[in-house]
Amino acid sequence: MKRVIAIANQKGGVGKTTTAVNLAASLAATKRRVLLLDLDPQGNATMGSGIDKSQLERSSVDVLLGEVDLASALLTVEPGGFHLLPANQDLTAAEVQLLQMPNGRESRLREALAPIRESFDVILIDCPPSLNMLTVNSLVAADSVLIPMQCEYYALEGLAALIGTVEQIRETANPSLEIEGLLRTMFDPRNNLANEVSAQLITHFGEKVFRTIIPRNIRLAEAPSFGKPVLFHDKESRGALSYLALAGEMIRREEEEMDSAQHPEQPDPAQHPEQPDPAQHSEQPQHPDRAELTEPAQSDSTDAAPAPPDSLSSGP
């Protein structure tokens, strides 16, 4: 995949860190080299990965201030199979110092990432729940933004503000920045408002809305207290299956885009007789082997949440 993806939403409590940790573990389960950067002073992604944030020798604050190189600050998450740049409350001081820098303050993370970008297939950045200098650094360093959000009215207002920030970053510092997708989290299909907001998202953003929906799930909520991604806490839970499905959907999207770039649509032979019949040369997009995801068996009935309506689960 070779992508840097910022996971951002300035509204707290939408499953941003949960998505960062569990998506990292799910992508690592597909044998991809994954790096998770914790850029939130709360350090929740660090704790959720089983790392004690109070015992860090090196962290993201040291990297942003140029005191150490990023590679030397990385930790290996076991279980999980991915690498982590940890963070703690010291990161708040880094933000203050970044604001005092005369120039280049918004590109510190991009510069730190440059030497190791090619060493990983996917780099995920867990952003703080605010539009501050740490979030700006993440967006400048990223290729795309994944936006987790609950299907609530206030979430729509927050989404508009975030989209505006992405546009500003694209115009001033990172022209290639794009929206990776919108992920509906903590979804309860019995809630009429959630269904209405979900339908609005699909209407306005179309294929940018992931077909995968993350349900409310007790195993998903309690996994951080055990310091594990949910895949290693209860691999048969709805939460674990959902994040495996999200990883698979992202991989399929990437491969379909690559296939489209390599095999652009042929012109109509009726209008251009000299061109060969495109039907003789068309190829179907290649999809990753589902076995590669090593999906566990279905969850037992006590843990399963009601399935979302067909109109949502099927996507746009």
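The protein has 12 helices and eight strands, where helices (H or I, at least four residues) and strands (E, at least two) are DSSP runs numbered from the N terminus. This is a predicted model, in which local features need pLDDT of at least 70 and side-chain atom pairs count only at pLDDT 80 or more, while totals for chains, interfaces and linings use all residues. Residues are numbered from 1 along each chain as its sequence is written, and side-chain values use heavy atoms, with hydrogens and water left out.

Of the 316 residues of the protein, 51% count as buried; buried means under 20% relative accessible area, exposed over 50%, and partly exposed in between, with a 1.4 Å probe and protein chains only. Contact means heavy atoms within 4.5 Å, and of the contacts in the protein with a separation of 6 or more, 80% are accounted for by residues 24 or more positions apart.

In soluble globular proteins, nonpolar side chains tend to be buried together. A nonpolar core is here a set of buried Ala, Val, Leu, Ile, Met, Phe, Trp, Tyr and Cys residues joined through side-chain atoms within 4.5 Å. The largest such core has 53 residues, and those with the most contacts inside it are Leu 35, Leu 37, Leu 70, Leu 109, Leu 113 and Leu 182. Helix H6 (residues 133-141) provides the largest share of this core, six residues. A second, separate core of 35 residues includes Val 34, Ile 51, Val 122 and Ala 247. Returning to Leu 109, its contacts, leaving aside neighbours within four places in sequence, are with Leu 37, Leu 39, Leu 64, Ile 125, Asn 137, Ser 138 and Ala 141.

The expected span of a helix is 1.5 Å times one less than its number of residues, so the 13 residues of H1 should span 18 Å, and its end C-alpha atoms are 18 Å apart, which agrees.

H1 also contributes the largest share, five residues, to the lining of the second largest pocket. On a 1 Å grid over the protein atoms alone, a pocket is an open set of points with protein on both sides within 12 Å along at least five of seven lines, a cavity is a set of points where a 1.4 Å probe fits but cannot get out, and lining residues have an atom within 4 Å of a point. Grid points are joined across faces, edges and corners, and a volume is the space filled by probe spheres set on the points. The second largest pocket has a volume of about 510 Å³ and is lined by 30 residues, of which Gly 15, Lys 16, Thr 17, Thr 18 and Met 186 lie nearest its centre. By class, this lining has 14 nonpolar, 11 polar and five charged residues, with Ala, Val, Leu, Ile, Met, Phe, Trp, Tyr, Cys and Pro counted as nonpolar, Asp, Glu, Lys and Arg as charged, and the others, Gly among them, as polar.

A search of the whole structure finds one cavity of 30 Å³ or more. The largest cavity has a volume of about 50 Å³, and its lining consists of Lys 2, Arg 3, Val 4, Arg 117, Glu 118, Phe 120, Asp 121 and Ile 123.

Some features of the backbone remain. Most residues other than glycine have a negative phi, and most peptide bonds are trans. Met 186, which lies in strand E7, has a positive phi near 50° and is partly exposed, with a relative accessible area of 28%. Lys 31, in the loop between H1 and strand E2 (34-38), likewise has a positive phi, of about 70°, and counts as exposed at 74% relative accessibility. A cis peptide bond, with omega about -5°, joins Glu 78 and Pro 79, and Pro 79 lies in the loop between strand E3 (75-77) and strand E4 (82-85).
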